[in-house]
Amino acid sequence: MVIIALPSLAAEKIRGYIVDERNEPIIGANIYWEKSKKGVTSDVNGYFEIDAATHHEHLIIAYTGYITQSLHIDDQNGELKVILIEDTKLLDEVVVSRRSPGTVTQRGAVLQTQKVTLGEIHRAACCNLGESFETNPSVDVAYSDAATGAKQIKLLGLSGTYVQMLTENYPNFRGVSSPFGMDYVPGSWMEGIYISKGTSSVKNGYEALAGQINVEYKKPQTMDKLFVNLFGSDALRMEANVDAGIHINEKLTTGLFAHYSNDTHAHDVNNDGFLDYPKTEQFNFMNRWNHEAGKYVAQYGMKYIHEERTGGQDDAHHDIVDPYRISLKTNRGEFYTKQAYVFRNDELAESVAMIASGSFHDQKAIYDRTPYDVTQKNLYVSLMYENDFSKRHNISTGLSLNYDAFDETLQNSPYDRKEVVPGAYLQYTFNLNDKFIALGGIRADHSSMYGFFVTPRLHLKYNPAEWIHLRGSVGKGFRTANVLAENNYLLASSRRIEIAGDLDQEEAWNAGLNTTVYIPIGDRQMTLTGEWYHTRFIKQVVVDVDSDPHAISFYNLNGGKSYSNSAQVEMSYPFFDGFTFTAAYRYTRAKSDFINSQTGEVQFLAKPLMNDYKGLVTASYQTPLRKWQFDLTGQFNGGGRMPSPDVTNRLWNDRFDPFTIVNGQITKYFRNLDIYLGVENLFDFRQENPIIDAANPRGDNFDATMVWGPVHGRKIYAGLRFTIPRY
């Protein structure tokens, strides 16, 4: 299967998706030919395939409670998107008895992959990608410090730098963009989010040590004619999102996206003299194109982001002379293109494709009196060939090139560098009637900084019965550590920055086991999932805030120990009509050697600011005919270890305590309009005094990076979504 989205090119099949007016997939819709009555039903994603009619017939799409559609199929080579409209004449007589799940496990995928649908994304305020995981038990997103607003994603007990971030299946948000990249993707622009744990396919490179998150934007050929999302909160944050799909002709479509957010009101609820979170203003624009001409498909896209952040002391509510200020100004431009030619796309597919992307990221920052400027240029190119030799055997092979250039200065000291990494991969898939699947891949790359390295990966899937799916994976991952660019938020403290020379390329093994069981209970199905993942580093760049409470040290692991274990259980079950429920519990244990450079003492400690466990319970109820929806989520976060304090001047405790966060939302649906009202952090829990020695920001003990919980309290928000559907 080619990485990019391709149209259906064989006339033997008609393919498409059935969705409702909210763009949520409709499960079990009936699709049949009017005369022959031959038909199929749509799956959990709303997807269907039906044999093309031998004679001229209309295609009928029917689902209880919706107006039946009769379609004349002019182009059998295209992929359909059918939006069913509620039949208001039946409102008093019909009750919709099934609701589409918000998070869908990809049953047929050899990798353990979850798709977070647009319906799930809409269950929360979800102003951006970083706020899209509030109802997900696997992914944690939290503030990295109490001054810059940088957010850190965590997966399998590891920070987000070990998670490969993709947009439209090409690597993105690497290096300097990683601390703030979660804020660069507006929630309303996304069509879905795909989460894979452990090492992934070698197609996308060598950097997935803990997992992979791929964001799919709305597609020009299927997105609505117009979508508008307006949002506001009691903290005076305002946001507007607009996107529009334009069909220029049968072969050419384009999508226009615009975003503006303003959160420039000063807040200092705990009265420590510092802003609780930075004042931020962002402009974000994107334009993407899709061109289809027979067996040739092309996509193009461009994106531009301008953002300004101001943090530090709050002189709006306090009389402060010469305030401690943090300022970050960012300009980022991106482009991408995908080109594909399909030789055949029947039961046995063969295709060739090319993906190219590039970005220019310029960030000018000042942390009080410490200037830090960085410009990163990136170019990525991948050529791929795939062939299904038979129903059991598939080969994928290709070449890739990644180029990174950093122009970086800290206090006028340069840290410039360039890295060029050409590589090649080969991947083989064996599929025995979807009962047993083995996917093995290997890639070889050469770094201009670190030389030649090899990345092997293996994934297995076995279904001893239809109701039980077993998966296992093992593989290697490599990563170049860009210590200042990826951790520049750590400059929001008085700690010294100590960077060892000749930092290694990071290297780790990851192994995982997963069991998913589907249990029919009555006329519904319970899903139980249990998993365990182990990541062990061979080489790692250690970020040490323990050996010296007045320094942050970056150095090589040098043969020391570093690992992470993550075990999770999850249950989902729709107890009654219109209701979805998920409960999960995850235990994480991540430890590493920390070396005191002055004494040589080695401590094997749990990684700081990491929750020992996380529990999650999330429930959603949608009334018949989708008129109202009620959502409630509880996050139960375990305690954890704090960085080691100064033994002679203890300004913080050794550990932080468990805490609970509750979010809720109510949505009212109209035909083309949704109105929602919600609350984040319902019980107003906040970390007390997240900034150490806030009264003396230029003293030896000042530190804004000791964040383990929410830095803001309760937030009440409201918004609306307006849609002009395509059909």
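User: Where is T633 found?
Analyst: In this predicted model, T633 is found in strand β40.

User: Is T633 buried or exposed, and what is its relative accessibility?
Analyst: T633 counts as buried, because its relative accessibility is 6%, and the cut-off for that label is under 20% relative accessible area.

User: What separates the C-alpha atoms of T633 and N271?
Analyst: The C-alpha atoms of T633 and N271 are separated by 29 Å, and along the chain the two residues are 362 residues apart.

User: Switching to backbone angles, which phi does L625 have?
Analyst: L625 has a positive phi of about 60°, although it is not a glycine. Most residues other than glycine have a negative phi. The place of L625 is in the loop between β39 (613–622) and β40 (628–637), and L625 is buried there, with a relative accessible area of 7%.

User: What about L236, which phi there?
Analyst: L236 also is not a glycine and has a positive phi, of about 70°. L236 lies in the loop between β17 (226–233) and β18 (238–247), and with a relative accessible area of 45% L236 is partly exposed.

User: Ok, salt bridges: how many does the structure hold?
Analyst: The structure holds 43 salt bridges. One of them joins the side chains of R174 and D404, at 2.9 Å from N to O. R174 lies in the loop between β14 (170–171) and β15 (190–197) and D404 in strand β25 (residues 393–410), so this pair ties together parts that are 230 residues apart in sequence.

User: Are R174 and D404 buried or exposed?
Analyst: R174 is buried, with a relative accessible area of 18%, and D404 is buried as well, with a value of 4%.

User: Which residue forms a salt bridge with K197?
Analyst: That is E531, and the closest N and O atoms of E531 and K197 are 2.2 Å apart. This pair links distant parts of the chain, since E531 is in strand β33 (residues 524–539) and K197 in strand β15, 334 residues apart. Both E531 and K197 are buried.

User: And what does E507 pair with?
Analyst: E507 forms a salt bridge with K476, with the closest N and O atoms 2.5 Å apart. Because E507 lies in strand β32 (residues 506–521) and K476 in strand β30, the pair ties together parts that are 31 residues apart in sequence. E507 is buried at a relative accessible area of 11%, and K476 counts as buried at 14%.

User: Which residues are linked in a network of salt bridges?
Analyst: E168, E191, E216, K219, R288 and K338 are linked in such a network.

User: Back to β30, then: which surface patch is V474 part of?
Analyst: V474, which is placed in strand β30 (residues 468–479), belongs to a nonpolar patch on the surface together with L458, L460, W509 and I538, and their accessible area comes to about 380 Å² together. V474 itself is partly exposed, with a relative accessible area of 35%.

User: Last topic, how many cavities of 30 Å³ or more are there?
Analyst: The structure holds 16 cavities of 30 Å³ or more, and about 200 Å³ of space lies in the second largest cavity. Of the 18 residues that line the second largest cavity, R22, N23, L118, H122 and D224 are the closest to its centre.

User: How does the lining of the second largest cavity divide?
Analyst: The lining of the second largest cavity divides into 10 charged, four polar and four nonpolar residues.

Notes. Residues numbered from 1 in each chain as written. Predicted model: local features only at pLDDT ≥ 70, side-chain atom pairs only at ≥ 80, totals over all residues. Heavy atoms only, no water. Patch = residues over 30% accessible without salt bridge, like charges linked within 9 Å, V, L, I, M, F, W, Y side chains within 5 Å. Areas by Shrake-Rupley, 256 points an atom, 1.4 Å probe, with all protein chains shown as cover. Salt bridge = Lys/Arg side-chain N within 4 Å of Asp/Glu carboxyl O. Helix = DSSP H or I, 4+ residues; strand = E, 2+ residues; numbered from the N terminus. Buried < 20%, exposed > 50% of the residue type's maximum accessible area, 1.4 Å probe, protein only. 1 Å grid on protein atoms, 1.4 Å probe; cavity = no way out; pocket = protein on both sides within 12 Å on 5 of 7 lines; lining within 4 Å. Points joined across faces, edges and corners; volume = space filled by probe spheres on them. Nonpolar A, V, L, I, M, F, W, Y, C, P; charged D, E, K, R; others polar.
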